[in-house]
Amino acid sequence: MAAESIPRGDEKLQTEVPLLDSGERDGAQLSKSIRCLESFLRFFGYCQYSFLSFLISWLSFLILGVVLPVFMIKCSASAYVEKYQINSFEFQILVFQSLASVISLVCISHNLRKYGVRNFLFVDRSHGQSSEFRDEYVKKIHDFFFLLAVWVLPCLLLKIVLEVVRVIHVHRDPWWQSVLISIALIISWTYSTIIFLSGCALFNLLCNVQVIHFENYGKLLEKDLDVLVYIQEHIRLTHYLSKISHRFRIFFIFEILVVTACQIVALFQTTGNKDIITLANGGDFAISCIAELVGIVICLHAAAKTTHRAQGVASVAAKWHSLVTCNSNDAVINGNNGNLETPNLASLFRVDYSESDLESVDYVPMPTDMQLTSSYNKRQAFVTYLQSNPGGFSVFGWRIERTLINTIFFLEISLVLFVLGKTVTFTSK
């Protein structure tokens with residue numbers, strides 16, 4: 001009987017620990033995801049909050065990203081290797097790879113040191129509506145790691161295959177020395193590539209967090225709020241986009257310049273070289289170009305997606321304004337006939353939650369009874385304001401959208417054709 005009166009450990013734990021509601025669980029899950037992200041960034045030297053962490057971060061980068069590959073390339077020098085210009089190619093690749101990683105490390109660490117992870121991602125600035133977006137925040141943070149793994153792992157596999165081929169065909173005795181050099185080069189390349197791609201993926205995460213709010217802006221029109229509230233919310237969102245543009249414009253420009261220069265040098269070396277280009281001496285150029293192009297595409301995609309969603313708000317508000325105006329007019333007409341029912345206009349507009357980033361958000365909320373009494377002039381001023389102030393990611397006034405991306409694409413094609421015209425020529429005697 002005495003033993004029965006003693007509560008079990010599980011029952012005691014249940015009585016002492018209060019149950020968390022869904023909002024607290026979501027907040028705990030978001031905090032856990034942010035801590036996981038911060039731990040990842042801290043491990044790769046982005047969180048330089050103190051002088052000691054700053055010193056450790058840059059010493060690690062210099063040792064793993066610069067000194068180690070230079071030393072390994074020097075150790076692997078031999079007559080056979082120099083014949084195929086492997087050392088010359090690898091030093092050029094190392095310069096551009098280090099520059100891209102340095103730009104990513106400097107820009108991201110500066111912003112994290114100044115704002116912290118939470119303020120950097122704007123997860124605490126949702127105007128009292130953070131509970132509505134916590135699940136979306138957690139999902140976007142998980143997508144950050146997924147995106148990084150999707151692109152780092154295939155490139156790493158290609159790098160391993162390249163080093164295996166090089167050890168088999170271009171080696172020096174003893175074998176263990178060649179294997180050790182290849183392992184050291186793989187570690188150094190992986191470290192630098194993760195730093196570069198994680199900076200691009202972090203910019204993509206920051207843009208996707210803002211996309212969440214722009215995609216839910218149409219649902220805000222469902223609420224019985226004054227038009228001034230909608231304008232203030234849009235001003236807040238565009239203000240955050242201007243902050244993001246200001247923080248990442250140097251990162252964006254320098255990364256594009258470095259990647260473009262790397263592609264041009266790689267094209268010059270592979271098309272203008274008179275010696276034999278094989279997988280052993282030219283494979284690093286291909287892998288490096290793939291990784292750097294992936295990073296630039298991730299940044300361009302995120303910036304264009306954010307701009308597209310921000311500009312799509314004006315279209316959503318214009319459709320909402322049209323629905324409210326038509327319903328209010330029809331309500332007056334039906335009221336004169338003794339019928340106060342408003343017509344259902346849902347069939348006039350197709351609701352399409354498109355997953356494509358190149359299509360607009362077509363969600364149009366139906367107006368409520370209180371919104372029917374809103375002033376037409378206020379709604380018209382609201383729509384005019386949105387059409388006159390399109391948001392989006394911009395670099396020194398140049399908005400990243402389809403037109404600018406097409407311009408960048410054709411400039412890159414022009415540079416490629418220019419290089420090919422200088423290197424791949426056929427002359428008849």
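The model is predicted: local features require pLDDT of at least 70, side-chain atom pairs count only at pLDDT 80 or more, and totals for chains, interfaces and linings use all residues. Residues are numbered from 1 along each chain as its sequence is written, and side-chain values use heavy atoms, with hydrogens and water left out.

**The whole chain**

Begin with a cartoon view, which shows 14 helices and two strands; helices (H or I, at least four residues) and strands (E, at least two) are DSSP runs, numbered from the N terminus. Of the 429 residues in the chain, 45% are buried. Buried means under 20% relative accessible area, exposed over 50%, and partly exposed in between (1.4 Å probe, protein chains only). Among contacts (heavy atoms within 4.5 Å) with a separation of 6 or more, 84% join residues 24 or more positions apart.

**The nonpolar cores**

Next, select Leu 37, Phe 203, Phe 248, Phe 382 and Phe 393, which touch the most other members of the largest nonpolar core, a set of 84 residues. Such a core consists of buried Ala, Val, Leu, Ile, Met, Phe, Trp, Tyr and Cys residues joined through side-chain atoms within 4.5 Å. Helix α8 gives the most to this core, with 15 residues. Centre the view on Phe 393: leaving aside residues up to four places away in sequence, its contacts include Phe 203, Phe 248, Phe 252 and Trp 398. A second, separate core of seven residues includes Leu 156, Ile 186, Trp 189 and Ala 291.

**Cysteines**

Now display the cysteine sulfur atoms. The whole structure contains zero disulfides, a disulfide being a pair of cysteine sulfur atoms within 2.5 Å. For Cys 299, the nearest cysteine sulfur is that of Cys 200, 3.7 Å away. Cys 299 is buried, at 3% relative accessibility, whereas Cys 326 is partly exposed at 39%.

**Two single residues**

Select Phe 122 in the loop between α6 and α7 (130-169). Phe 122 is not a glycine, yet has a positive phi of about 60 degrees; its relative accessible area is 1%, so it is buried. Then move to Gln 263 in helix α10 (residues 227-271). Gln 263 counts as buried at 18% relative accessibility, and touches Cys 289, Glu 292 and Leu 293, not counting residues up to four places away in sequence.

**Cavities and pockets**

On a 1 Å grid over the protein atoms alone, a cavity is a set of points where a 1.4 Å probe fits but cannot get out; a pocket is an open set with protein on both sides within 12 Å along at least five of seven lines; lining residues have an atom within 4 Å of a point. Grid points are joined across faces, edges and corners, and a volume is the space filled by probe spheres set on the points.

The structure holds four cavities of 30 Å³ or more.

Finish at the second largest pocket, of about 450 Å³. Of its 17 lining residues, Leu 293, Ile 296, Ile 408, Phe 409 and Glu 412 are the closest to its centre. Helices α10, α11 (279-336) and α14 (402-423) each supply at least two lining residues.
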